[in-house]
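Trainee: I would like to go through the labels used for this model and ask what each one rests on. Please set each value against its cut-off.

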Amino acid sequence: MDLTAFYVGQLLGFAKTAVRSYAIGITETATPLLRATLQKQLNACITLHGKVFYFMLDRGLYPSYDLPKLLSNDVATANNALSL
């Protein structure tokens with residue numbers, strides 16, 4: 001069983017959460033050095049998110065520009081979860 005889609009989807013979600021967390025952290029810091037460090041980490045997370053997104057898109061794992069296919073995948077995933 002190929003779990004690539006599952007793991008890369010988890011990585012995409014992690015990257016998205018990290019972007020939000022670093023952005024929040026930047027707004028809460030008062031130290032210029034800490035702000036610069038968090039900005040560096042934020043930029044790295046944004047880059048990672050883009051790489052993971054395009055990896056998924058190129059392999060048909062996340063058809064974000066094809067709404068009917070995206071919804072069909074969501075329904076299939078929900079049905080699989082209900083059948084467990």
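Mentor: Start with Glu28, which lies in helix H1. Helices (H or I, at least four residues) and strands (E, at least two) are DSSP runs, numbered from the N terminus. This is a predicted model, in which local features need pLDDT of at least 70, side-chain atom pairs count only at pLDDT 80 or more, and totals for chains, interfaces and linings use all residues. Residues are numbered from 1 along each chain as its sequence is written, and side-chain values use heavy atoms, with hydrogens and water left out.

Trainee: Why is Glu28 called exposed?

Mentor: Buried means under 20% relative accessible area, exposed over 50%, and partly exposed in between, with a 1.4 Å probe and protein chains only. Glu28 has a relative accessible area of 64%, so it is exposed. Its C-alpha atom is separated by 11 Å from that of Leu38, ten residues apart along the chain.

Trainee: What makes Thr77 exposed?

Mentor: Thr77, in helix H3, has 53% relative accessibility and therefore counts as exposed.

Trainee: How do you know whether Leu70 is buried or exposed?

Mentor: The relative accessible area of Leu70 is 18%, so Leu70 is buried. Leu70 is found in helix H3, residues 67-83. Contact means heavy atoms within 4.5 Å; leaving aside neighbours within four places in sequence, Leu70 is in contact with Tyr62, Pro63 and Ser64. Leu70 and Pro32 are 42 Å apart, C-alpha to C-alpha, and 38 residues apart in sequence.

Trainee: And what makes Val52 buried?

Mentor: Val52 has a relative accessible area of 6%, so the label is buried. Its place is in helix H2. Not counting residues up to four places away in sequence, Val52 touches Val8, Leu11 and Leu12. Val52 and Gly13 are 39 residues apart in sequence, yet 9.8 Å apart in space, C-alpha to C-alpha.

Trainee: Which residues make up the largest nonpolar core?

Mentor: A nonpolar core is a set of buried Ala, Val, Leu, Ile, Met, Phe, Trp, Tyr and Cys residues joined through side-chain atoms within 4.5 Å. The largest has five residues: Val8, Leu12, Val52, Phe53 and Met56. H1 and H2 each supply at least two residues of this core, and H2 gives the most, with three. With residues up to four places away in sequence not counted, Val8 touches Val52, Phe55, Met56 and Leu61.

Trainee: At what angle do H1 and H2 pack, and why is H1 called roughly antiparallel to H2?

Mentor: Helix H1 (residues 4-28) and helix H2 (residues 32-58) pack at about 155°, with axes 9 Å apart. Angles under 35 degrees count as roughly parallel, over 145 as roughly antiparallel, 65 to 115 as roughly perpendicular and the rest as oblique. The angle therefore makes H1 roughly antiparallel to H2.

Trainee: What kinds of residues form the contact of H1 with H2?

Mentor: They divide into 18 nonpolar, six polar and two charged. Ala, Val, Leu, Ile, Met, Phe, Trp, Tyr, Cys and Pro count as nonpolar, Asp, Glu, Lys and Arg as charged, and the others, Gly among them, as polar.

Definitions and conventions. Axes are lines fitted to C-alpha atoms, for helices over the stretch in contact, and angles run from 0 to 180 degrees between N-to-C directions.
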